[in-house]
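This report concerns the pairing of charged side chains. The sequence and structure are shown below, followed by a description of selected pairs.

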Amino acid sequence: MKNSKKASRFALAVDFGSTYTKVKAFDLADYLFLGSGSSPTTLDEGIMTGLEAAIADLEARLKRPFQPDLRMACSSAAGGLRMITIGLVPSLTVQAAKYAALGAGAKIVGVYSGELNRKEVGQIELLAPDIILLCGGTDSGNQNVIIANAKQLSESTNGSPIIVAGNKSAADKIENIFRCAQKDFVVTDNVMPELGVLNIDGVQESIRKWFLDKIIRAKGLDAAQKFMNGNLIPTPSAVLQAAELISKGSKSEEGIGELVIVDIGGATTDIHSAAEGDPEEGGVIYRGFKEPFIKRTVEGDIGMRHCVEGIIQAAGLEGIAYSSGVVPSILQKYCSTLSDRCAYLPESPEQGRMDTALAKAAIELAIDRHAGKLTSAYTSSGEILIQKGKDLRNVSAVIGTGGAIAYHASPLALLQVTRFNARAPFSLRPKDPRFHVDRHYLLYAVGLIAQIDPVAALRVARRYITV
Amino acid sequence: MNTIVTGVIGVDAHIIGNRIIQKVLENEGFRVVSLGALTPAEDFIEAAVETNADAIVISSLYGQAQIDCEGFRDKCNEAGLQEILLYLGGNLAVGRKDFAEVEKIFKDMGFNRVYPPTVNLKDFVADLKNDLNEEQ
């Protein structure tokens, strides 16, 4: 009997999105994706209303009732996990704090370096993030700045919880400051205990715990948490778990190796890499600190609808117009109508060509910012190459997801632009990857299933994504 | 414990002398933040800010120190490191016979101590300890 193969055969993966609640149904005994459903997210009347409607939509499509044994969910509803990060030096603890927050699936709404002034504290109060990550100083390094910033935050009206992950020598003083001011806070390991050493596990664990303990309730998602078997996690965090699983594999099965995921949305373009990124050839010197194996970057100025002007600004109107086969004024006019129409789909071949050119430009900008760079330097002993960031030239796969890619007529042509380009040889992009498209939007679900049944999650990914 | 940031400045790959300096300083009980070869001036300063360093010890062997170190003290002042000790040593200028001349150039640029390639590292460490004591 097939049922006896697995105690938890049928699984439901839910994504509470900012506009839509999406559900995916799986048969984990046979590693089958059964179908999808969706319905608008309902924050005001309770999150479960939208979920029930999405499940009803799923059942209508399946033409039968669906009784899951396992229910898992992630959420980017109510603004996602909005974080502010504070560090000391922009290229050091500020960057480390950003990696920690992005890797935990956060949406970073503000980044600050050095001592905060009143204006900045005012901005933080206005932004009212879900979590503030306060860093600065290596262990036994600079204390003054992080302590000054703790004082500033303690005197502000800010009520956001604060994760302190800076110089350990300053931790006791900061604890006192926040305790006296009755702030919600937790002290964890320094994100950069030694210069150039990234240590983000402690911070990410604190973020996960806080998201579960406090933020879910604050956002009205606690009813959903009760309905689930696993923990409700931020959606980008589910995608990152999928990236890690597909790359490294499960205990019993190998993964596909190092990979890159391109996720292009209306307001942002995200790139995830699961790769070491060390220099591939001798004679290359690495500068800066080693980036995390799972690295996520979010380009907040580049997206297909809300942030379409950002693509034009960064990539240039003329070039994109030329690739679309239209004159620049037509492209400009088209873009000016897009920014407040999130769900707009092209209505003519010309608009389709413009969307394609915009998507290509967005992907290329985002991968270029994510990938490492080489610069050459001339020394007395000849030319040498200096690498900053990850060398992605040897990753084995690039996976595309997000509406602009998944619903495109030729998605592989879009993903081709992530490739290493001889015209820009110092941008360390994938040289010869296989390309895959997440046509059914399963990546988040794979990440969710991976928490409970990594073997089944990997097989589902192999069957439907990395075919 | 005093913290010292050290490395080889500019596009100079000569690391060995600087590694010896690193070992000597560690043996003397300093906390050493070693940035290695090919280190831009800004990286020394950023590392010193983040680690709250007491001194920056710069090596340069390839004769370009004057270009690489231009404005170094100003940049430190800009980064809030007014008190930091700046040491520089190595083959600092090609073709100048009189070291006193070389020393003057770099002291005028704001370096506290300037050494020729032949310096005895014991003297260097003694100077460093003295200077740090005076500061405290």
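In this predicted model, the side chains of A:Asp130 and A:Lys219 meet in a salt bridge, with 3.1 Å from N to O. A:Asp130 belongs to the loop between helix 3 (118–127) and strand 7 (131–134) of chain A, and A:Lys219 to the loop between helix 6 (201–218) and helix 7 (222–227), so the pair ties together parts that are 89 residues apart in sequence. Both A:Asp130 and A:Lys219 are buried.

A:Arg208 counts as partly exposed because its relative accessibility, 37%, falls between the limits of 20% and 50%. A:Glu205 is likewise partly exposed, at 44%.

A further salt bridge joins A:Asp368 and A:Arg429. A:Asp368 is part of helix 12 (residues 349–370), whereas A:Arg429 lies in the loop between helix 14 (411–415) and strand 18 (434–437) of chain A; the pair therefore ties together parts that are 61 residues apart in sequence. A:Asp368 is partly exposed, with 26% relative accessibility, while A:Arg429 is buried, with a relative accessible area of 3%.

| Salt bridge | N to O distance |
|---|---|
| A:Asp130 and A:Lys219 | 3.1 Å |
| A:Arg208 and A:Glu205 | 3.3 Å |
| A:Asp368 and A:Arg429 | 3.7 Å |

Salt bridges also link A:Arg9, A:Asp27 and A:Asp30 in a network. Over all chains, the structure holds 32 salt bridges.

How values were computed:
Residues numbered from 1 in each chain as written. Chains lettered and ligands numbered in written order. Predicted model: local features only at pLDDT ≥ 70, side-chain atom pairs only at ≥ 80, totals over all residues. Heavy atoms only, no water. Salt bridge = Lys/Arg side-chain N within 4 Å of Asp/Glu carboxyl O. Helix = DSSP H or I, 4+ residues; strand = E, 2+ residues; numbered from the N terminus. Buried < 20%, exposed > 50% of the residue type's maximum accessible area, 1.4 Å probe, protein only.
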